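Thanks for coming, everyone. Let me put the structure up, and then I'll walk you through a few spots.

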Amino acid sequence: MAVPKKKKSKASTASRRATWKLEAPGLVECPRCHGARMPHRVCPQCGHYDGKEIIKIKED
Ligand SMILES: [Zn+2]
């Protein structure tokens, strides 16, 4: 419910915000290049997904 800003004390605002937590991003190891990638996404290092090359990565 919307409450006017001047009716909420700084302490109650601070105690509500104290429950905010940072969440670690989901990271899994790529089975091909063993780099970190996000689950269910093409690997940004080798461009593979499900054993197939999906995107070409430049290798210099
Ligand atoms: Zn990879």
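**From the salt bridges to the zinc site**

I'll start with Lys 56, which is exposed at a relative accessible area of 72%. For the cut-offs, buried is under 20% relative accessible area, exposed is over 50%, and partly exposed is in between, all with a 1.4 Å probe and protein chains only.

Before I go on, this is a predicted model, so local features need pLDDT of at least 70 and side-chain atom pairs count only at pLDDT 80 or more, while totals for chains, interfaces and linings use all residues. Residues are numbered from 1 along each chain as its sequence is written, and side-chain values use heavy atoms, with hydrogens and water left out.

Okay, back to Lys 56. Which residue does Lys 56 form a salt bridge with? The partner is Glu 53, and the closest N and O atoms are 3.3 Å apart. By salt bridge I mean a side-chain nitrogen of Lys or Arg within 4 Å of a carboxyl oxygen of Asp or Glu. Glu 53 itself comes out as partly exposed, at 44% relative accessibility.

How many salt bridges does a search of the whole structure find? It finds 2. Lys 52 is partly exposed at 49% relative accessibility, whereas Asp 50 is exposed at 62%.

You'll find Asp 50 in the loop between S3 and strand S4 (52–53). When I say helix or strand, those are DSSP runs numbered from the N terminus: H or I for helices, at least four residues, and E for strands, at least two. Asp 50 isn't a glycine, yet its phi is positive, about 55°. His 40 does that too: not a glycine, with a positive phi of about 65°. His 40 is in the loop between S2 and S3, and at 68% relative accessibility it's exposed.

**The zinc site**

Which residues are the protein donors of the zinc ion? They're Cys 30, Cys 33, Cys 43 and Cys 46, each through SG, and they lie 2.2 to 2.3 Å from the zinc. A donor here is an N, O or S atom within 2.8 Å of the metal (3.2 Å for Na, K and Ca), and water is not among the atoms, so sites may look incomplete.

The angles among the 4 donor atoms run from 104 to 119°, and the site is tetrahedral. The rule for four donors is that all angles lie between 85 and 135 degrees.

In sequence, the donor spacing reads C-x2-C-x9-C-x2-C. Cys 30 is in the loop between strand S1 (28–29) and strand S2 (36–37), and Cys 43 is in the loop between S2 and strand S3 (48–49), so this pair ties together parts that are 13 residues apart in sequence.

Are Cys 30 and Cys 43 buried or exposed? Both are buried. Cys 46 is buried too, at 10% relative accessibility, but Cys 33 is partly exposed at 29%.

And disulfides? The count is 0, going by a cut-off of 2.5 Å between a pair of cysteine sulfur atoms.

**Around His 48**

Next up is His 48, in strand S3. This histidine is buried, with a relative accessible area of 13%.

Leaving aside neighbours within four places in sequence, His 48 is in contact (heavy atoms within 4.5 Å) with Arg 32, Val 42, Cys 43, Glu 53 and Ile 54.

**Two distances to finish**

Pro 31 is in the loop between S1 and S2, and it's exposed at 64% relative accessibility. Pro 31 and Asp 50 are 19 residues apart along the chain, with their C-alpha atoms separated by 9.2 Å.

For the other pair, take Lys 21, in the loop between helix H1 (10–17) and S1. Lys 21 and Lys 58 are 37 residues apart along the chain, and their C-alpha atoms are separated by 38 Å.

That's it from me.

Definitions and conventions
Four donors count as tetrahedral if all angles lie between 85 and 135 degrees; four count as square planar and six as octahedral if opposite donors are over 155 degrees apart and all others between 65 and 115; anything else is irregular.
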